[in-house]
Amino acid sequence: MRRVRYESTGGALFVEEVPVPEPGPGELLVRCSAVGVTLPVVRKVTEAAEPIALGGEIAGEVVAAGADVTRFRPGDRVTGMCFGHGYADFALLHEAMASPIPDGADAVDAIALVRSGLVAYGALEAARPAPGEAVLVTAAASGIGHLAVQLARVRGAGRVVGAVSGPGKADFVRSLGADDCIQYDDASWGEPFDCVLDAVGGELLTPAVAALAPHGRLVAYSSGGGTLQAYDLLVGAKSVIGFQMALIARGRPDLYEQWRQELWRLFAEGVLKPAVHAEFALDDAAKAHEVIETRANLGKVVLRP
């Protein structure tokens, strides 16, 4: 089978031929039909001290199951987070991280919706916007952000604004239901917000907190880090909440499943519409990474083995 790998930090991605892996206890062997490309993985390729397995979101068909697997069998269509090699024709997926793909949805739908949608949904749950409150979504054109904009509207936000890196993304963000779209370097971000969902972090964290109204909540789910002065929170009784989807998946599988079912329901009703910016072959994984690294995407970027 084919697998994408690299040999040194920041090194070139290349495709190699390796044997098909065998599933261990609790694992599924999945023939990948679609693989999601995410910013955290792209960052690890360029920043991690040692080469990593290119894992992440996969979707496809179960072809074999290891010992102790009880929920799935060969022929089932599944999606989930692969923590090993996922940029490949076949990948190993732990049963606990797998979810079924319902009839009427394909592998690309699953990649565009489930993991990104779960993060967007969970971030909103952490922020707990009340009906009528104003919500700002940073990285609003990203795979997660474009779903967060739609979900904020579904939850009854009174004003939804997307924040993006450049003017070329504004029309896309407004088409999702946002009332307005701002750029990070705008002199003013407009009226204060009750909630900010921040997927950027770093230097943007300070202006994002400044954009909060008194008693506002910022939910940080970025891998970009960042620091804040405590006074910036004290002066407006503001809160910063960290959110990580992996903790929910591992510690609250019941909640993970509840949110997943709700996402598929909204998708089936046509309320939630995941967008795919581009699909690339495995041989073009480097091009897919470039799209993410340059923040050029409008929606999800997908590999098609």
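Predicted model: local features only at pLDDT ≥ 70, side-chain atom pairs only at ≥ 80, totals over all residues.
Spanning residues 145-154, α3 is mostly covered, with eight of its ten residues buried. The buried ones are Gly145, His146, Leu147, Ala148, Val149, Gln150, Leu151 and Ala152. What do they pack against? Their neighbours are the helices α2 (107-127), α4 (170-175) and α8 (253-268), along with the strands β8 (134-138), β9 (159-164) and β11 (193-198). Just past the end of α3 sits Gly156, whose phi is positive, at about 95°.

Another pair of helices is α1 (residues 39-47) and α9 (residues 285-293). Their axes come within 10 Å and cross at roughly 105°. Angles of 65 to 115 degrees count as roughly perpendicular, so that is the label for α1 and α9. Where they touch, α1 supplies Leu39, Val41, Val42, Val45 and Thr46, while α9 supplies His289, Ile292 and Glu293.

Next come the charged residues. Side chains of opposite charge can pair when their charged atoms come close. A search of the whole structure turns up 15 salt bridges. One of them joins Glu133 to Arg217, with the closest N and O atoms 2.9 Å apart. Glu133 belongs to the loop between α2 and β8, and Arg217 to strand β12 (residues 212-220), so this pair ties together parts that are 84 residues apart in sequence. Are these two partners buried or exposed? Glu133 is buried, at 17% relative accessibility, and Arg217 is buried too, with a relative accessible area of 17%.

Glu279 and Arg304 form another salt bridge, and here the closest N and O atoms are 3.2 Å apart. This pair also links distant parts of the chain: Glu279 is in strand β14 (residues 276-280), and Arg304 is in the segment after β15 (300-303), 25 residues away. Glu279 is partly exposed at 45%, and so is Arg304 at 35%.

Within it, the side chains of Arg5 and Glu7 meet at 3.7 Å, N to O. Arg5 counts as partly exposed, at 25% relative accessibility, whereas Glu7 is exposed, at 58%.

Finally, there is a nonpolar patch on the surface. Tyr231, Leu234 and Val235 make up this patch of about 380 Å². Leu234 is found in helix α6 (residues 230-234) and is exposed, with a relative accessible area of 66%.

Technical notes:
Residues numbered from 1 in each chain as written. Heavy atoms only, no water. Patch = residues over 30% accessible without salt bridge, like charges linked within 9 Å, V, L, I, M, F, W, Y side chains within 5 Å. Areas by Shrake-Rupley, 256 points an atom, 1.4 Å probe, with all protein chains shown as cover. Salt bridge = Lys/Arg side-chain N within 4 Å of Asp/Glu carboxyl O. Helix = DSSP H or I, 4+ residues; strand = E, 2+ residues; numbered from the N terminus. Buried < 20%, exposed > 50% of the residue type's maximum accessible area, 1.4 Å probe, protein only. Axes fitted to C-alpha atoms, helices over the stretch in contact; angles between N-to-C directions. Parallel < 35°, antiparallel > 145°, perpendicular 65-115°, else oblique. Contact = heavy atoms within 4.5 Å.
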